[in-house]
Amino acid sequence: MNYNRTDAVSVNDGTYIGFMLFMALGAILSLAILHPSRVIREDGTRCSDMKYSMVSTELVEVVKLFSNPKMLLIVPAALASNFFYSYQFNNVNGALFNLRTRGFNNVFYWGAQMLGSVGIGYVMDFSFPSKRTRGFVGIGVVAVLGTAIWAGGLVEQRKYVHGPPTELLDFKDSGAKYLGPFLLYFSYGLLDAIFQSMVYWVIGALASDSQTLSRYAGFYKGVQSAGAAAAWQIDARKVAPINQLYINWGLTSISYPLLAVLVMLAATDESSKSEAVVEKEAGLNLPARPGASGDNNAGDTKSVE
């Protein structure tokens with residue numbers, strides 16, 4: 001739609017109709033998901049013992065999460081996980097490339113996320129027999145790649161300290177000048193996927209029942225959204241792009257050691273242990289969760305949508 005356009009203009013009605021159709025199709029497809037009560041593991045145990053609680057109970061449990069040591073260790077990662085979108089979209093893709101090239105780049109940005117999620121998923125689910133070892137290795141891999149990508153971003157950003165380039169890059173007409181910034185933007189998409197997949201894996205290792213995990217995931221998404229809102233305000237107030245890069249790099253870097261501490265304290269390789277036992281041995285001294293002693297481990301990776 002934007003291939004022959006040089007300036008951004010309002011999209012037509014067909015764009016919105018297309019989005020609505022895709023959303024409606026997704027809602028219909030969700031009806032085909034098997035109910036958790038009908039999911040049975042290979043050993044004959046049920047995947048989830050679904051117990052519905054009251055709204056008041058959930059509100060109290062959510063408030064408690066703000067004093068939960070495990071959740072506090074996740075806060076920097078949650079803030080960082082969507083914080084970089086405003087910088088990457090506005091000050092990299094939006095500032096360096098022309099209109100049609102931005103759309104072209106986004107195909108590869110989101111494509112890189114598919115590759116990244118598969119790659120880090122293998123590392124954190126199948127690379128070593130020990131769950132704790134996989135956690136440490138996965139965090140290490142993301143830390144190394146993340147540091148390298150942000151360092152590359154700094155090198156590129158320093159070329160535009162005094163403002164964006166006067167000539168925007170085009171994927172067909174700019175030749176070799178286009179390749180470096182394109183690879184950087186592609187790498188940002190890769191980092192987004194591996195970073196968030198890593199955090200979700202760590203969250204999934206903290207508990208063995210879906211109710212607790214849903215609260216943890218909700219806490220993560222709430223803090224994530226708060227971070228994203230702050231980031232867009234920072235960009236709207238014209239904070240220098242290089243300073244935005246430093247903030248993003250700092251938030252992600254702080255997250256790695258905290259997540260490693262969380263894996264060391266809370267992740268366990270023994271499926272027979274209940275969450276309460278793991279917390280006690282980790283020295284977290286958290287209140288016992290009702291019914292925790294009867295939990296079965298749901299496997300290495302937990303789904304926390």
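Analyst: What follows is a set of questions about terms, each answered by setting a value against a definition. The model is a predicted one, in which local features need pLDDT of at least 70 and side-chain atom pairs count only at pLDDT 80 or more, whereas totals for chains, interfaces and linings use all residues. Residues are numbered from 1 along each chain as its sequence is written, and side-chain values use heavy atoms, with hydrogens and water left out.

User: What are the elements of the chain, and what makes a run of residues a helix?

Analyst: The chain has 10 helices and 0 strands, where helices (H or I, at least four residues) and strands (E, at least two) are DSSP runs, numbered from the N terminus. Helix H1, for example, has 17 residues and spans 25 Å from its first C-alpha to its last, close to the expected 24 Å, a figure that comes from 1.5 Å times one less than the number of residues.

User: Why is Met20 called exposed?

Analyst: Buried means under 20% relative accessible area, exposed means over 50%, and partly exposed is in between, with a 1.4 Å probe and protein chains only. Met20, which is found in helix H1 (residues 13-29), has 54% relative accessibility and therefore counts as exposed. Helix H1 is hardly covered, since the count of buried residues among its 17 residues is 1, while in the chain buried residues make up 40% of the 305 residues.

User: What makes Tyr87 and Tyr188 an aromatic pair, and how do you know whether the pair is stacked or edge-to-face?

Analyst: Rings of Phe, Tyr and Trp (its six-membered ring) pair if their centres lie within 6.5 Å, and planes under 30 degrees apart count as stacked, over 60 as edge-to-face and the rest as tilted. By this rule the count comes to 21 aromatic pairs.

User: Why is the pair of Phe195 and Tyr256 called edge-to-face?

Analyst: The ring centres of Phe195 and Tyr256 are 6.1 Å apart and the planes are at 70°, so this pair is edge-to-face. Phe195 lies in helix H7 and Tyr256 in helix H9 (residues 241-266), so the pair ties together parts that are 61 residues apart in sequence.

User: How do you know that Glu61 forms a salt bridge with Lys64?

Analyst: A salt bridge is a side-chain nitrogen of Lys or Arg within 4 Å of a carboxyl oxygen of Asp or Glu, and the closest N and O atoms of Glu61 and Lys64 are 3.6 Å apart, so the pair meets the rule. Both residues lie in helix H2 (residues 55-65), 3 residues apart, about one turn of the helix. An α-helix has 3.6 residues a turn, so residues three or four places apart point the same way.

User: What is the N to O distance between Glu61 and Arg215, and where do these residues lie?

Analyst: The closest N and O atoms of Glu61 and Arg215 are 3.8 Å apart, and the two form a salt bridge. Glu61 is in helix H2 and Arg215 in helix H8, 154 residues apart, so to this definition of helices the pair links distant parts of the chain. Arg215 counts as buried because its relative accessible area is 12%.
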